[in-house]
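I opened this notebook to record what I looked up in one structure. The entries follow the order in which I made them.

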Amino acid sequence: MSSARRAAVIVNPVKVDGDEFRRTVETALTERGFEKPLWLETTEDDAGVTMARRAIEEQADLVLVAGGDGTVRVVCAELARTAIPVAVLPGGTGNLLARNLGISLELDVALTELLDGSQQRIDSVLVKGDQLPEDRFVVMAGLGLDAAIIEDAPDDLKKRVGWAAYVVSTLKNLNHPSVRVEITVDDQPPVRRRARTVVIGNVGTLQANIPLLPDATPDDGTIDAVVLAPRRITHWPRLALGLVIRSWRERHVERFTGHRIQVRADRPVRRQLDGDAVTEGANLVAEVDPSALVVRVP
């Protein structure tokens with residue numbers, strides 16, 4: 001009986017250069033004693049659920065995933081609690097989980113880092129809400145402005161300039177309407193705020209190394225939330241400094257930490273999970289599932 005390991009590679013073909021990517025990955029795996037990998041491509045109708053389940057059925061020793069943040073989220077959701085390690089390769093625009101795990105955004109370097117690296121258990125986050133079936137995320141979920149920024153970033157611009165497309169969308173949405181929200185952390189009394197956006201995070205760093213949730217780490221058994229509440233456009237420069245400079249006290253930025261965080265808005269608003277727009281709604285309930293996912297890290 002062969003003792004060689006087998007990997008499954010789940011890719012979003014829209015996000016990666018198919019032939020070159022395949023050659024590079026297969027070479028790296030072969031050099032490390034893996035059998036020919038199982039290749040699984042996502043489709044427009046299936047962002048990775050069927051592919052991840054196939055990898056589980058085939059008892060893959062390792063799952064490599066490359067695509068947008070949405071593809072990574074879906075695959076990681078299926079692999080939570082399976083003990084099958086996931087290696088997140090750069091692909092798509094955001095690469096937020098890869099960035100927060102310290103993985104290079106250069107494919108060759110990332111393969112070396114991950115295949116020769118180590119394994120780490122990180123938290124997964126269970127999430128539900130009105131018009132939103134129970135799901136999981138590994139990066140961030142939010143409602144309000146951040147969801148509008150994600151949804152309004154043009155796909156063609158993302159292909160041309162990458163994450164800078166979100167900067168364009170941010171400028172377009174700076175005057176996005178605020179919403180009244182009620183935030184409940186664990187068993188604490190709810191707090192009420194008027195906010196432009198509320199983001200719940202398992203990790204804390206955005207593109208350009210902006211520390212939206214500077215205390216969030218993916219393996220601490222907690223989740224963090226940030227409320228951004230500038231009243232006017234003129235408040236945004238100070239708020240931006242408050243995000244970048246931790247010692248800068250900014251009253252329009254407020255953060256919370258807990259095991260379960262519920263956000264209830266007074267009306268339906270746009271929502272997102274790990275950079276993918278989901279149905280509008282008024283509620284998000286997130287609860288940490290500690291150490292649920294095994295990932296490869298440098």
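**Entry 1: helix H5**

I began with helix H5 (residues 107-115), where Leu 107, Ala 110, Leu 111, Leu 114 and Leu 115 are buried; buried means under 20% relative accessible area, exposed over 50%, and partly exposed in between, with a 1.4 Å probe and protein chains only. Helices (H or I, at least four residues) and strands (E, at least two) are DSSP runs, numbered from the N terminus. I then looked up what they pack against, and found helix H1 (18-31), strand S3 (62-66), strand S4 (86-89) and strand S14 (276-297).

I note that the model is predicted: local features need pLDDT of at least 70, side-chain atom pairs count only at pLDDT 80 or more, and totals for chains, interfaces and linings use all residues. Residues are numbered from 1 along each chain as its sequence is written, and side-chain values use heavy atoms, with hydrogens and water left out.

**Entry 2: nonpolar cores**

Which residues touch the most other members of the largest nonpolar core? Of its 57 residues, they are Phe 21, Val 25, Val 63, Leu 64, Leu 89 and Leu 97. Such a core is a set of buried Ala, Val, Leu, Ile, Met, Phe, Trp, Tyr and Cys residues joined through side-chain atoms within 4.5 Å. This core draws at least three residues from each of domain 1 (7-116) and domain 2 (125-290), with bounds from an automatic or database domain assignment. I also recorded a second, separate core of 25 residues, which includes Val 127, Ala 195, Phe 256 and Ile 261.

For Val 63, I set aside neighbours within four places in sequence and found contacts (heavy atoms within 4.5 Å) with residues including Ala 8, Ile 10, Val 75 and Leu 79.

**Entry 3: the aromatic pair**

I searched the whole structure and found one aromatic pair. Phe 21 and Trp 39 form it edge-to-face, at 6.1 Å centre to centre and 80° between the planes. Rings of Phe, Tyr and Trp (its six-membered ring) pair if their centres lie within 6.5 Å; planes under 30 degrees apart count as stacked, over 60 as edge-to-face and the rest as tilted. Phe 21 lies in helix H1 and Trp 39 in strand S2 (residues 38-41), 18 residues apart. Both Phe 21 and Trp 39 are buried.

**Entry 4: positive phi**

Arg 81 has a positive phi, near 70°, and sits in the loop between helix H3 (69-79) and S4. Arg 81 is exposed, with a relative accessible area of 51%.
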